[in-house]
Amino acid sequence: MKKTNKIKVEEFIRVNHAGERGAIKIYEGQLLALNTFVKNENLKKTIEKIKNDEKEHLDFFNKEIKKRNIKPTKLLPLWDLLGVGLGFGSAIIGKKATMLCTASVEEVIEEHYQNQINELDSEEKVLKKKIKKFRDDELHHRDIAYEQGASKKGLYSILDKMIKTGSKVAISISEKI
Ligand SMILES: [Fe+2]
Ligand SMILES: [Fe+2]
């Protein structure tokens, strides 16, 4: 494998590992709010289901990181903190913000995975197949979020932009360090 390819694939795995972990932290933050201050059993079930998929995604990248000896991003503790904070905060605001948070994050991740799919060649067949599967899962999560009332109207559009910008910044940093 060419050196540039190897570095690229390592960056892909590092950032995906960080992103999937971040996703789990967001959902953990939301569940924390839903187990304490906010009562909404349906919403809780929805989030628990999505979180199970993220667990599958993270497990895969966890294994890849170990198998290929890739260093995880140094900023995991920061992403953990921000993820839980974002999840908790959105769930405290209400159901629309909770689901918007899912929609916004999944829209960024979906595009991010699509870019990787476009760039990966046949040398990384298994990895590519997994990322395709995960991308489908993320699209499904996004659809659930809109079905459950995610809104981008009014002030929510600002929240959407903030979450998207934050996620993109986290992605570009986690590719490199
Ligand atoms: Fe995921
Ligand atoms: Fe997801």
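Glu20 and Glu138 are both buried, where buried means under 20% relative accessible area, exposed over 50% and partly exposed in between, with a 1.4 Å probe and protein chains only. This is a predicted model, in which local features need pLDDT of at least 70, side-chain atom pairs count only at pLDDT 80 or more, and totals for chains, interfaces and linings use all residues. Residues are numbered from 1 along each chain as its sequence is written, chains are lettered from A and ligands numbered from 1 in the order in which they are written, and side-chain values use heavy atoms, leaving out hydrogens and water.

| Ion | Protein donors | Distance from the ion |
|---|---|---|
| iron ion (ligand 1) | Glu20 (OE), Glu20 (OE), Glu54 (OE), His57 (ND1), Glu138 (OE) | 2.0 to 2.6 Å |
| iron ion (ligand 2) | Glu54 (OE), Glu106 (OE), Glu106 (OE), Glu138 (OE), His141 (ND1) | 1.9 to 2.7 Å |

Along the chain, the donors of the iron ion (ligand 1) follow the spacing E-x33-E-x2-H-x80-E. Glu20 belongs to helix α1 (residues 3–34) and Glu138 to helix α5 (residues 125–147), so this pair ties together parts that are 118 residues apart in sequence. Helices are DSSP runs of H or I with at least four residues, strands are runs of E with at least two, and both are numbered from the N terminus.

**Helix packing**

The axes of helix α2 (residues 41–67) and helix α4 (residues 95–119) come within 12 Å and cross at roughly 25 degrees. α2 is therefore roughly parallel to α4. Axes are lines fitted to C-alpha atoms, for helices over the stretch in contact, and angles run from 0 to 180 degrees between N-to-C directions. Angles under 35 degrees count as roughly parallel, over 145 as roughly antiparallel, 65 to 115 as roughly perpendicular and the rest as oblique. The α2 and α4 crossing is left-handed, that is, the near helix is turned anticlockwise from the far one by less than a right angle, whereas clockwise would be right-handed. Contact (heavy atoms within 4.5 Å) involves Leu43, Ile47, Ile50, Glu54 and Phe61 of α2, and Lys95, Thr98, Met99, Thr102, Glu106 and Tyr113 of α4.

α4 and α5 pack at an angle of about 155 degrees with their axes 8 Å apart, and are therefore roughly antiparallel to each other. This crossing of α4 past α5 is left-handed. Among the contact residues are Glu106 and Tyr113 of α4, and Glu138 and His141 of α5. By class, the contact of α4 with α5 has 10 nonpolar, 4 polar and 8 charged residues. Ala, Val, Leu, Ile, Met, Phe, Trp, Tyr, Cys and Pro count as nonpolar, Asp, Glu, Lys and Arg as charged, and the others, Gly among them, as polar.

**A loop residue**

Asn69 is found in the loop between α2 and α3 (76–93). Although Asn69 is not a glycine, its phi is positive, at about 60 degrees. Asn69 counts as exposed, at 70% relative accessibility.

Terms used. Donors are N, O and S atoms within 2.8 Å of the metal (3.2 Å for Na, K and Ca); water is not among the atoms, so sites may look incomplete.
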